[in-house]
Structure formats: C-alpha cells, structure tokens
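Biologist: Hello! Could you show me the model, so that we can go through it together?

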Amino acid sequence: FSGGFIDTSISNNIHFLNLDNLGITSIEGLEYFTKLETLYLNNNELSELHGLPESLKHLRCRNNNLSDLHHFTSNMTYLDARGNNISAVIGIPNQIETLYLCFNDLVNIDFPDSLKYFLCASNNLESLPEFPENIIQVLVQNNNISNLPEIPESMLTLTVNNNNLTYLPNIPETLQSLNIFGNPLECVNNYPDHFQSQLYQPKVHQFQLLLQWWILKYLLSKL
C-alpha cells in the first residue's frame, strides 16, 4: 500500500480483505477500496489506522502496536482490537455493537448506546459507565474495577472475576451466566437462587479458578 499503484476498477469492487500476518506498518491506499465492508489486519506492525474506508463495517486488528483508537468509520459495527497497547478509545460511533478490547492498557471506557457485546478482560479498568439498555454480554475479568453500574435485564452474561468489587448491584433473574469469583465482596443485594453458590469462595476452588482463567485467556486469543 505504500508507493504502489492501485487499480480502482478492482479495488472499488472488493468487499472483504484479509491482510493478516503480512508485517504491514501502514494501511495507506485502503481509502480507495470504497466498497470494503470487512477487513482483517491481525498480527501486523500497525501503530495507527488512518485511512480506513467509510464503507467499513467489520474490523479485526488484533496483535498490532496500536496505542489508541480514534479512527472509526460511520458504518462500523464490529471492532476486535485485542492484544495491542491501547490506553485510550476516543469517539466510539453510536452504531458499534461489538467491542473486543482484551489485553490492552485501558483505564476507562465510554459505551455507545448501541453496544451489545463488550469484552475487555486484562486491562486496567477502574470503573464502568452505565450499561446500554440492550447490552447482552460483558466480560471484564482481571481489571481493577471497584463498582458496577445497574445491570439491565437485557444482559445474559456477566464475567467480573478478579477485580476489586466489594458491592454488587441487583442481579436480574434474566441473567444466565455470572462469574464474580476473586472479588472482596462485602455487600450483595438481590441475588437469584441459581447463583447463590457463587457467594461462597472456599480456597479449594482457587486452583480450579486459576486453571479456568488460563483456559479462557487462551480461547479469547483464538477468537
């Protein structure tokens, strides 16, 4: 993409492009792919994403050298930027539904109203903003989160193990999966019966929890 010739009669008709594992340091020229909707940039050497075509909806840029995210398109609904060095995400557009940001350096984050799936394990998050009303899945284990906002009934999965939570908000009956192990909990409000066992965290489970975390970390890296 640097200094080369691009035949726009071809680039204007490409909807999917896989550029994984190519050692790319720049995406210069991608602006000519005016109908591109899905782009894979995993495992390259990118430090910024200037030049994304406005048509782009689905972006995967895992395992690069990104330190911040602020280049979004007006059509983007899916972003997977796991395994970078991201400390700031700026200007998330309101149509984003899926954000995968695990294994970065985020301290805080803003949620667009459109967000449904949020994976941000192994960062440095200290708190979370109010959840969007249609959120479905939140995985934020292994952060520094000390409080949670109200949990909407739309949420089906909440994973917050290994944080600094001392208090849990009301847990809706509609929640299907909950992991709160590894928090210094002191106060719990409404708590559905099918999650009662998680209020007790005997030491015999510690090795199992550690093993589960390493398995989850491996699976997240392969998604």
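Biologist: Does Cys120 count as buried or exposed?

Modeller: Residues count as buried under 20% relative accessible area, as exposed over 50% and as partly exposed in between, with a 1.4 Å probe and protein chains only. Since Cys120 has a relative accessibility of 0%, it counts as buried. Please keep in mind that this is a predicted model, where local features need pLDDT of at least 70, side-chain atom pairs count only at pLDDT 80 or more, and totals for chains, interfaces and linings use all residues. Residues are numbered from 1 along each chain as its sequence is written, and side-chain values use heavy atoms, leaving out hydrogens and water. Cys61 also has 0% relative accessibility, so Cys61 counts as buried.

Biologist: Thanks! Which cysteine has the sulfur nearest to that of Cys120, and how far away is it?

Modeller: A disulfide is a pair of cysteine sulfur atoms within 2.5 Å. The search of the whole structure finds 0 disulfides, and Cys120 is in none. The nearest cysteine sulfur is 6.4 Å away and belongs to Cys102.

Biologist: Which residues have the most contacts inside the largest nonpolar core?

Modeller: A nonpolar core is a set of buried Ala, Val, Leu, Ile, Met, Phe, Trp, Tyr and Cys residues joined through side-chain atoms within 4.5 Å. The largest one has 53 residues. Apart from it lies another core, of 6 residues, with Tyr78, Tyr100, Cys102 and Leu139 among them. In the largest core, the residues with the most contacts are Leu39, Leu49, Leu59, Leu69, Leu101, Phe118 and Leu128.

Biologist: What is Leu69 in contact with, leaving aside its neighbours within four places in sequence?

Modeller: Contact means heavy atoms within 4.5 Å. With those neighbours left aside, Leu69 is in contact with Leu49, Leu79, Ala81, Ile86, Ala88, Val89, Ile90 and Leu101.

Biologist: On to the rings: what is the angle between the planes of Phe16 and Tyr40?

Modeller: Rings of Phe, Tyr and Trp (its six-membered ring) pair if their centres lie within 6.5 Å; planes under 30 degrees apart count as stacked, over 60 as edge-to-face and the rest as tilted. The structure holds 4 aromatic pairs. In the edge-to-face pair of Phe16 and Tyr40, the centres are 5.2 Å apart and the angle between the planes is 80°.

Biologist: Which parts does that pair tie together?

Modeller: Strands (E, at least two residues) and helices (H or I, at least four) are DSSP runs, numbered from the N terminus. Phe16 is partly exposed at 46% relative accessible area, whereas Tyr40 counts as buried at 18%. The pair ties together parts 24 residues apart in sequence, because Phe16 lies in strand 1 (residues 16-18) and Tyr40 in strand 2 (residues 38-40).

Biologist: Which residues do ring pairs link into a cluster?

Modeller: Phe111 and Phe118 are both buried. Their ring centres are 4.8 Å apart and their planes at 70°, so this pair is edge-to-face. The cluster linked by ring pairs consists of Phe111, Phe118 and Phe131.

Biologist: Lastly, which backbone oxygen does the side chain of Ser55 reach?

Modeller: Ser55 sits in the loop between strand 2 and strand 3 (58-60) and is buried, with a relative accessible area of 16%. Beyond residues up to four places away in sequence, Ser55 touches Phe33, Thr34, Lys35, Leu36, Glu37 and Asn75. At 3.1 Å, its side chain reaches the backbone oxygen of Thr34.

Terms used
Polar contact = N/O pair within 3.5 Å; in protein donor to acceptor, adjacent residues only side chain to side chain.
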